[in-house]
Amino acid sequence: MVFYTFSEQQPSLAIGTMYCIGRNFAAHAREMGAEVPDGAPLVFLKPPSAYTPHTGLVTIPKFSNNLHHEVELVVIIGKDGDTITEQEARDYIIGYAVGVDLTLRDIQTIAKQKGEPWATAKSFRGSAPLSSVIPPHSIDDTNAELELYVNGELRQKGNTNQMERSVPALIAYISSVFGLRRGDCIFTGTPEGVAQIHSQSHVKAILNSHTVLEFTVE
Ligand code: MG
């Protein structure tokens, strides 16, 4: 099992299913040549083995030549729920983190062309770097700043006020389809500016200029 790290004292919490939302920022959907889905949200999953801790090392899989960064607000779920309403959704949040939804863009492009799943492109070992978890009261998830730097260069800057679907709406949807469990988390989508990370790079993601995630790509 792998466990979250918390910025404040908490009982240990094993990382469960990582739910990820695609195309939740219109400008990012456009840069991918896609639209924000107007029906159900676009959901995919990463396994716990995708977790990379703060200051960790990510290895680009040998079968890809194009690793991309996607900085995202991550919501950590603190209790089980199967049909959570938007009104009660925030009661299920044990904290927030900043994460990077690492993506093998070349593999994803082939999968899209063939109509195949994104699992290999999105869910490979180490593909989910995550900061320590901060308490729910420490941010407003409707107005949180996200930034991502590669080797000190600003690549992405966005705010969760640009999200197409709110955190409560995502919790309600995912709980109704899959059932959320204590220790699951939700990657809530990335703003525009996604781009390639070359090997031997240092990546830094920042939430509200205080919560920092750093990792190295070898
Ligand atoms: Mg993403």
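Which residues of the largest nonpolar core touch the most other members? In this predicted model, the residues that do so are Ile171 and Ile186, and the core to which they belong has 42 residues.

**Nonpolar cores**
- Another core, of 21 residues, lies apart from the largest one, and among its members are Met18, Ile76, Ala97 and Ala111.
- When neighbours within four places in sequence are left aside, Ile186 is in contact with Tyr19, Ile21, Leu73, Val74, Val75, Ile77, Ile171, Ile174 and Leu180.

**Magnesium site**
- The magnesium ion is coordinated by Glu70 and Glu72 through OE atoms and by Asp101 through OD, at 2.0 to 2.1 Å, and along the chain these donors follow the spacing E-x1-E-x28-D.
- Distant parts of the chain are linked here, since Glu72 belongs to strand S6 while Asp101 sits in the loop between S7 and strand S8 (103-104), 29 residues apart.
- Glu72 and Asp101 are both buried.

**Surface patch**
- On the surface, a nonpolar patch is formed by Leu45, Val177 and Phe178, which together have about 250 Å² of accessible area.
- Phe178 is found in the loop between helix H4 (167-177) and strand S12 (185-187).
- Phe178 counts as partly exposed because its relative accessibility is 38%, a value that falls between the limits of 20% for buried and 50% for exposed.

Methods:
Residues are numbered from 1 along each chain as its sequence is written. This is a predicted model: local features need pLDDT of at least 70, side-chain atom pairs count only at pLDDT 80 or more; totals for chains, interfaces and linings use all residues. Side-chain values use heavy atoms; hydrogens and water are left out. Patches are made of residues with over 30% relative accessible area and no salt bridge: like charges are joined within 9 Å, nonpolar side chains (Val, Leu, Ile, Met, Phe, Trp, Tyr) within 5 Å. Accessible areas come from the Shrake-Rupley method with a 1.4 Å probe; for residues, only the protein chains shown count as cover. A salt bridge is a side-chain nitrogen of Lys or Arg within 4 Å of a carboxyl oxygen of Asp or Glu. Helices (H or I, at least four residues) and strands (E, at least two) are DSSP runs, numbered from the N terminus. Buried means under 20% relative accessible area, exposed over 50%, partly exposed in between (1.4 Å probe, protein chains only). A nonpolar core is a set of buried Ala, Val, Leu, Ile, Met, Phe, Trp, Tyr and Cys residues joined through side-chain atoms within 4.5 Å. Contact means heavy atoms within 4.5 Å. Donors are N, O and S atoms within 2.8 Å of the metal (3.2 Å for Na, K and Ca); water is not among the atoms, so sites may look incomplete.
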